[in-house]
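Here is a short note to read alongside the model. Please keep the structure open as you go through the points.

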Amino acid sequence: MAEDVPADYLGNSIILILFAASLYFLCVARKSSDFLVYFWILSSFYACFFVIFVLVQFEVRYFFLPKIFSIFIALALASVAWSARAKRGAAGAVTRAD
């Protein structure tokens, strides 16, 4: 049995924040052409791991894949949301040729 370490709580809290951020970024990028792909990847991955973790008691080492996935999907969705927001801002900008 592994002992609880404050660094584990901090690391898991950061992963939880990244998970919430990825859901936010997914909502921001919903008008993007890649939205369905990211939604499918995110929902299927987290749903599968939710079912697996509920039904089977894994060791700690099996939690590394969802943690790594959360980090990279949050970064990918942040870049998609950033570019979608930039495109929306550029499309809404009014230019005058005076």
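The points below go from the overall fold to the pockets and then to one serine.

1. A word on the basis. This is a predicted model, in which local features need pLDDT of at least 70 and side-chain atom pairs count only at pLDDT 80 or more, while totals for chains, interfaces and linings use all residues. Residues are numbered from 1 along each chain as its sequence is written, and side-chain values use heavy atoms, with hydrogens and water left out.

2. The fold. The chain has three helices and zero strands, in the order α-α-α along the sequence. Helices (H or I, at least four residues) and strands (E, at least two) are DSSP runs, numbered from the N terminus. Of the contacts between residues at least 6 apart in sequence, 69% join residues at least 24 apart; contact means heavy atoms within 4.5 Å.

3. The surface. Buried residues account for 19% of the 98 residues, where buried means under 20% relative accessible area.

4. The largest pocket. Its volume is about 630 Å³. Closest to its centre, among 20 lining residues, are D8, N12, I15, F63 and K67. The elements giving two or more residues to this lining are α1 (6-28), α2 (35-55) and α3 (64-92), and α1 gives the most, with seven. By type, the lining has 13 nonpolar, three polar and four charged residues. On a 1 Å grid over the protein atoms alone, a pocket is an open set of points where a 1.4 Å probe fits, with protein on both sides within 12 Å along at least five of seven lines; lining residues have an atom within 4 Å of a point.

5. The second largest pocket. This one holds about 160 Å³ of space. Its lining has 10 residues, with K31, S32, S33, A84 and K87 nearest the centre. Helix α3 supplies the largest share of that lining, five residues. The lining splits into three nonpolar, three polar and four charged residues.

6. A serine to look at. Is S22 buried or exposed? S22 is buried, because its relative accessible area is 0%. This residue sits in helix α1, and its side chain reaches the backbone oxygen of F19 at 2.6 Å. Leaving aside residues up to four places away in sequence, S22 touches L42, I73, A74 and L77.

Key. Buried < 20%, exposed > 50% of the residue type's maximum accessible area, 1.4 Å probe, protein only. Points joined across faces, edges and corners; volume = space filled by probe spheres on them. Nonpolar A, V, L, I, M, F, W, Y, C, P; charged D, E, K, R; others polar. Polar contact = N/O pair within 3.5 Å; in protein donor to acceptor, adjacent residues only side chain to side chain.
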